[in-house]
Amino acid sequence: MAQNAVTRLPERILSKTADVRLLGDVLKEFNPDDFAKANTKYRKPSYQRGLNKSTEWNQSLVRSVLEGKAIGGVVMSKWEKAELNEKGEPIYTKYFNIEDGGTRLGALKKFHDGKFTTKYGDIENEEVKKVFNDYRVAVELLEKTTPTTRDSIYFKELCTNFSLLQEGTPLTASDRYAAWAADTEFKFDGSPIVNFTIEQVDTDNIYEGCFG
């Protein structure tokens with residue numbers, strides 16, 4: 001009886017560990033809007049284009065935090081980069097990209113920054129602030145299995161991982177293209193059809209007349 005062919009497991013590019021972080025510590029160093037231009041400890045990658053939820057949805061999420069309910073875990077990737085300062089000396093920066101959970105953290109960031117209130121009050125209420133900031137967030141932390149792995153390979157694997165995380169979840173049009181758009185910083189080629197589409201939209205004003 002013939003044996004079925006078995007495919008060998010691939011070499012792992014990503015290594016995963018479990019972690020817990022205080023919500024207040026994450027949000028005070030989280031910039032969800034500037035993506036690659038952010039210089040905070042917690043950022044959103046170029047392909048993570050979170051949805052804008054309603055105020056009611058945001059308030060419900062904050063109430064869950066204040067009432068001690070579960071809101072789901074967050075997936076982060078760890079990055080370490082070295083850049084030269086004006087003296088030619090290396091400056092090492094460590095930061096974390098939000099791979100999954102960006103929409104939830106974005107909503108919580110708005111409450112943290114005083115953008116809306118709930119039936120329990122706003123962030124200026126000392127009791128509310130303490131309970132909110134001390135909420136423990138479950139984190140799945142992704143990093144390179146081998147530190148010498150090139151950033152471009154790491155970035156591509158994270159793009160693939162992001163696409164798999166979103167299966168079964170409705171994505172915006174920008175989500176669909178951003179996950180496979182070329183990224184020169186990380187030497188990521190992306191998808192030829194996605195890149196061609198973006199190039200056409202960027203260079204031919206006829207599309208702007210049709211679609212805005």
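Predicted model: local features only at pLDDT ≥ 70, side-chain atom pairs only at ≥ 80, totals over all residues.
Trainee: Which residues does Ala-82 contact, leaving aside its neighbours within four places in sequence?

Mentor: Ala-82 is in contact with Ile-91 and Tyr-92. Lys-94 is 12 residues from Ala-82 in sequence, and their C-alpha atoms are 9.0 Å apart.

Trainee: How many bridges join S4 to S6, and do the two strands run parallel or antiparallel?

Mentor: S4, residues 74-84, is joined to S6 by four bridges, and the two run parallel. The cut-off is at least two bridges, so S4 and S6 count as paired. Val-74 has Val-139 as its bridge partner in S6, and Ser-77 stands opposite Leu-142.

Trainee: How do you know that S1 and S6 pair?

Mentor: S1 (residues 14-22) and S6 (residues 136-144) share nine bridges in the antiparallel sense. Since at least two are needed, S1 and S6 are paired because they meet that cut-off. One of the bridges has Arg-21 with Val-137 of S6 as its partner.

Trainee: What is the order of the strands in the sheet?

Mentor: The sheet is open, has six strands and runs S1-S6-S4-S5-S3-S2 with mixed pairing.

Trainee: Why do S1 and S2 stand at the edges?

Mentor: S1 and S2 (30-31) each have a single partner strand, so one side of each is left without a neighbour in the sheet.

Trainee: Which helix packs on the sheet, and which strands does it touch?

Mentor: Helix H5, residues 151-165, packs there and touches S1, S4, S5 (90-100) and S6. The direction of H5 makes about 160° with that of S4.

Trainee: Why are H2 and H3 called roughly perpendicular?

Mentor: The axes of H2 (residues 55-66) and H3 (residues 102-112) come within 9 Å and cross at roughly 85°. The range for roughly perpendicular is 65 to 115 degrees, and therefore H2 and H3 carry that name.

Trainee: Which residues make the contact of H2 with H3?

Mentor: On H2 they are Trp-57, Asn-58, Leu-61, Val-62 and Val-65. On H3 they are Thr-103, Arg-104, Ala-107, Leu-108, Lys-110 and Phe-111. By class, the contact of H2 with H3 has seven nonpolar, two polar and two charged residues.

Trainee: What makes H2 roughly perpendicular to H4?

Mentor: The axes of H2 and H4 (residues 126-133) come within 9 Å and cross at roughly 85°. This angle lies in the range of 65 to 115 degrees, so H2 is roughly perpendicular to H4. Val-62, Val-65 and Leu-66 of H2 meet Val-128, Val-131 and Phe-132 of H4. The contact of H2 with H4 has six nonpolar residues, no polar and no charged ones.

Trainee: Why does Pro-32 count as buried?

Mentor: Pro-32 has 14% relative accessibility, and buried means under 20%, so Pro-32 qualifies. Pro-32 is found in the loop between S2 and S3 (42-43). Arg-43 is 11 residues from Pro-32 in sequence, while their C-alpha atoms are 5.9 Å apart.

Trainee: How many of the residues of the protein count as buried?

Mentor: Of the 212 residues, 34% do. The accessible surface of the protein comes to about 13700 Å², and 50% of that belongs to carbon and sulfur atoms.

Note on methods: Residues numbered from 1 in each chain as written. Heavy atoms only, no water. Buried < 20%, exposed > 50% of the residue type's maximum accessible area, 1.4 Å probe, protein only. Areas by Shrake-Rupley, 256 points an atom, 1.4 Å probe, with all protein chains shown as cover. Axes fitted to C-alpha atoms, helices over the stretch in contact; angles between N-to-C directions. Parallel < 35°, antiparallel > 145°, perpendicular 65-115°, else oblique. Contact = heavy atoms within 4.5 Å. Nonpolar A, V, L, I, M, F, W, Y, C, P; charged D, E, K, R; others polar.
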